[in-house]
Amino acid sequence: MTSIDVRAADGGVVLAQSGRLTVVTAPQLRATVTERLAAGDRLIVVDLSTTEFVDSSGLGTLVSCLKAARQAGGDLRIVAPTEQVAMVLRMTNLDRILKPRASVDDALQG
Amino acid sequence: MTQYARSEVDVAATVESIDVVQAAFDAWWTELGDENPKTRFAFEIAVVEIATNIVEHTHRAEGSSGRRFRLELTADATRVTAVFTDNGMPADIDLSTVTMADVDEESGRGLALAIAALDSLDYTRADGRNIWTLVCGR
């Protein structure tokens with residue numbers, strides 16, 4: 001099953017995307033990030049440790065959300081991508097702008 | 001191990017069908033018994049990207065048209081093959097000109113990812129149908 005778990009944390013908000021992040025589910029992540037930025041959160045942490053699969057739509061959404069967070073004066077950080085997600089980030093060179101953090105705590109601390 | 005596992009799905013050309021395609025892929029891969037995750041990751045991303053491309057092309061060209069597409073997954077000892085067939089409008093695409101989008105772009109990675117992941121990707125138009133053939137070594 002695909003779902004997004006939203007958890008407020010010290011310094012930001014943690015979004016845990018479980019299941020797949022694809023053309024089917026990416027709009028839900030985008031809407032959640034838009035909502036959190038509007039609510040005043042500035043540091044968006046996307047926990048990818050239970051994301052089994054990402055496609056180009058999912059990647060495009062992460063880029064879009066990163067831009068939106070930075071435009072709002074904040075940032076978006078990704079955490080612990082699984083093997084498939086890490087492979088696709090490398091193939092697209094997106095690991096350069098979406099540098100994976102080892103843990104949620106690392107991401108929250110900068 | 002079922003080296004020659006075969007699967008076929010016929011679905012509406014809609015975004016929701018991508019989940020159906022992935023569920024069929026998952027069942028087929030399990031039956032295949034291939035234990036190399038790298039082959040799976042490469043082949044699955046290519047299958048999902050081409051399926052999405054067909055859905056988006058159909059939607060752009062024809063709107064909500066009731067079009068469908070078919071996916072056939074096969075394997076032999078040395079390779080896995082996916083064939084997509086649809087009777088939509090011709091895809092106006094030159095695969096030799098596809099490049100990976102820059103990192104700050106929000107789209108334009110799908111076909112480049114499929115090409116990078118596969119040993120071969122071919123598109124042909126025959127008998128009024130679009131045929132995409134994806135091949136990956138195993």
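Helices here are DSSP runs of H or I with at least four residues, numbered from the N terminus. Keep that in mind when a residue is said to follow a helix. The model on your screen is predicted.

**Stop 1: helix α3 of chain A**

Select residues 83-91 of chain A, which form helix α3(A). Now highlight the buried residues in α3(A): A:Gln84, A:Val85, A:Val88 and A:Leu89. Look down the helix axis. The buried residues fall within an arc of 135°, so they line one face of α3(A). An α-helix has 3.6 residues a turn, so residues three or four places apart point the same way.

Turn to the face away from the buried side. There α3(A) carries the exposed residues A:Glu83 and A:Arg90.

**Stop 2: A:Val88**

Stay on α3(A) and select A:Val88, which lies in this helix. Is A:Val88 buried or exposed? It counts as buried because it has 25 C-beta neighbours inside 10 Å. The cut-off for buried is 20 or more.

Now show what A:Val88 touches, leaving out residues up to four places away in sequence. In chain A, A:Val88 touches A:Val54 and A:Leu59. In chain B, A:Val88 touches B:Ile45 and B:Leu113.

Pick the C-alpha atoms of A:Val88 and A:Ser18. These residues are 70 apart along the chain, and their C-alpha atoms are separated by 17 Å.

**Stop 3: two positive phi angles in chain A**

Move to A:Asn93, which follows α3(A) and has a positive phi near 65°. A:Asn93 is not a glycine. Find A:Asn93 in the loop between α3 and α4 (104-109) of chain A. A:Asn93 counts as partly exposed because it has 13 C-beta neighbours inside 10 Å.

Next select A:Ala80. This residue is not a glycine, yet its phi is positive, about 45°. A:Ala80 sits in the loop between β5 (75-79) and α3 of chain A. With 18 C-beta neighbours inside 10 Å, A:Ala80 also counts as partly exposed.

**Stop 4: where the chains meet**

Show both chains. The contact takes 21 residues from chain B and 22 residues from chain A. Which elements give two or more residues to the side of chain B that touches chain A? They are α1 (17-32), α2 and α3 of chain B. Of these, α2(B) gives the most, with seven residues. Colour the chain B side by class: 10 residues are nonpolar, four are polar and seven are charged.

**Stop 5: two helices of chain B**

Select α2(B), residues 37-62, and α3(B), residues 110-117. Two packed helices are described by the angle between their axes and the distance between the axes. Here the angle is about 145°, and the axes are 8 Å apart. The crossing of α2(B) and α3(B) is left-handed.

Zoom in on the contact. Among the residues on the α2(B) side are B:Ala42, B:Ile45 and B:Ala46. Those on the α3(B) side include B:Leu111, B:Leu113 and B:Ala114. The residues of this contact divide into eight nonpolar, three polar and one charged.

**Stop 6: the sheet of chain B**

Show the strands of chain B. They include an open sheet of five, in the order β1-β2-β3-β5-β4, with antiparallel pairing. The edge strands are β1 and β4 (120-126), and each pairs on one side only. Neighbouring strands are turned by 15° against each other on average, direction ignored.

Walk across the sheet:

- β1(B), residues 7-12, joins β2(B) by six bridges. B:Glu8 stands opposite B:Glu72 in β2(B).
- β2(B) pairs with β3(B), residues 79-86, over seven bridges. A hairpin of three residues joins these two strands. B:Ala75 stands opposite B:Val80 in β3(B).
- β3(B) pairs with β5(B), residues 129-137, over eight bridges. B:Arg79 has B:Gly137 in β5(B) as its bridge partner.

Go back to β2(B), residues 68-75. Its covered face holds B:Phe69, B:Leu71, B:Leu73 and B:Ala75. Its uncovered face holds B:Arg68, B:Arg70, B:Glu72 and B:Thr74.

Key. Residues numbered from 1 in each chain as written. Chains lettered and ligands numbered in written order. Predicted model: local features only at pLDDT ≥ 70, side-chain atom pairs only at ≥ 80, totals over all residues. Axes fitted to C-alpha atoms, helices over the stretch in contact; angles between N-to-C directions. Left-handed = near helix turned anticlockwise from the far one by under 90°. Contact = placed C-beta atoms within 7 Å. Nonpolar A, V, L, I, M, F, W, Y, C, P; charged D, E, K, R; others polar. Buried ≥ 20, exposed ≤ 12 C-beta atoms within 10 Å, placed from the backbone. Arc of directions from axis to C-beta. Pairing = 2+ DSSP bridges.
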